[in-house]
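Colleague: I am new to this structure and would like to know what stands behind the labels put on it. Please show it to me, and I will ask about them.

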Amino acid sequence: MMTLKVNGRDHQVDAEPDTPLLYVLRNDLALNAAKFGCGLGQCGSCTVIVDGKAVLSCVTPLVLVEGKQVTTLEGLGTVATPAPIQRAFMEEQAAQCGYCIAGMMMRAQALLMRNPKPSVAEIRAELEPNLCRCGTHMRILRAVHRAARLMDTADAASDRSVR
């Protein structure tokens, strides 16, 4: 038995230490936003955040995430109250086929957590490992910029409410 911290909750999982994180997320915890794409760490559709860093869950064994905080797309927001990154992707209509979008959002979220005002070049470099086959790249870039603005506005509003 291993304890995984996923989306702020501890989960006991009965899996081998070398089991890919993606399999446990999808099969054991019913967290299906991270997709199985290539299974080789080459497409990015399985991206999750581990201790603030974007990670390819299809090639990350459980033993490497034990005791660390794993965040999936389900942990960012809900349908009723989407996180800024989710809201921005919806507003920009950045999703088309759905293959890449969860991974793109997670990689973008990790970027915005460490760099709240990234340049276009920084966004492109961060998202480069994730494949998008339907060509919504420009909408995705706009969505990341929109999310940065939404996060900045939310931060400013919370700062004002504390004063």
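Modeller: The buried residues of H1 pack against strands S1 (2–6), S2 (9–13), S3 (47–50) and S5 (69–71). This is a predicted model, and what follows is computed from it.

Colleague: Which residues of H1 are buried?

Modeller: Helix H1 spans residues 21–28, and its buried residues are Leu21, Leu22, Val24 and Leu25. Buried means a relative accessible area under 20%.

Colleague: What is marked about the backbone just after H1?

Modeller: Alanine 30 follows there with a positive phi of about 55°. Most residues other than glycine have a negative phi. Alanine 30 is a residue other than glycine, yet its phi is positive. Its place is the loop between H1 and S3.

Colleague: What makes alanine 30 count as buried or exposed?

Modeller: Its relative accessible area is 55%, and the cut-off for exposed is over 50%. Alanine 30 is therefore exposed.

Colleague: How is asparagine 7 classed, and why?

Modeller: Asparagine 7 has a relative accessible area of 25%. Buried would need a value under 20% and exposed one over 50%, so asparagine 7 is partly exposed. This residue sits in the loop between S1 and S2, and its phi is positive too, near 50°.

Colleague: Why are the buried residues of H2 said to lie on the same side?

Modeller: In H2, residues 84–91, the buried ones are Ile85, Gln86, Ala88 and Phe89. They cover an arc of only 165° around the axis, so they are on the same side of H2. As a general point, an α-helix has 3.6 residues a turn, so residues three or four places apart point the same way. After H2 comes glutamine 93, with a positive phi near 50°.

Colleague: Which residues make the contact of H2 with H3?

Modeller: H2 contributes Ile85, Gln86 and Phe89, while H3 contributes Ile101, Met104, Met105, Ala108, Gln109 and Leu112. By class, 7 of the residues in this contact are nonpolar, 2 are polar and none is charged.

Colleague: What is the contact between H3 and H4 made of?

Modeller: On H3 the residues are Met104, Arg107, Ala108, Leu111 and Arg114; on H4 they are Glu122, Ile123, Glu126 and Leu127. By class, there are 5 nonpolar, no polar and 4 charged residues in the contact of H3 with H4.

Colleague: Why is proline 116 called exposed?

Modeller: Proline 116 has 52% relative accessibility. Exposed means over 50%, so proline 116 counts as exposed. The loop between H3 and H4 holds this proline.

Colleague: What makes the buried residues of H4 a side of the helix?

Modeller: The buried residues of H4 are Ile123, Glu126 and Leu127. Because their arc around the axis is only 90°, they are on the same side of H4. The face turned away from that buried side carries the exposed residues Ala121 and Ala125.

Colleague: How do you know that alanine 125 is exposed?

Modeller: Its relative accessibility is 54%, against a cut-off of over 50%, so alanine 125 counts as exposed.

Colleague: And is threonine 136 buried or exposed?

Modeller: The relative accessible area of threonine 136 is 3%. Buried means under 20%, so threonine 136 is buried. This threonine lies in the loop between H4 and H5 (137–162). Leaving aside neighbours within four places in sequence, threonine 136 is in contact with Ala94 and Gln96.

Notes. Residues are numbered from 1 along each chain as its sequence is written. This is a predicted model: local features need pLDDT of at least 70, side-chain atom pairs count only at pLDDT 80 or more; totals for chains, interfaces and linings use all residues. Side-chain values use heavy atoms; hydrogens and water are left out. Buried means under 20% relative accessible area, exposed over 50%, partly exposed in between (1.4 Å probe, protein chains only). Helices (H or I, at least four residues) and strands (E, at least two) are DSSP runs, numbered from the N terminus. Contact means heavy atoms within 4.5 Å. Ala, Val, Leu, Ile, Met, Phe, Trp, Tyr, Cys and Pro count as nonpolar, Asp, Glu, Lys and Arg as charged, and the others, Gly among them, as polar. The arc is that of the directions from the helix axis to the C-beta atoms.
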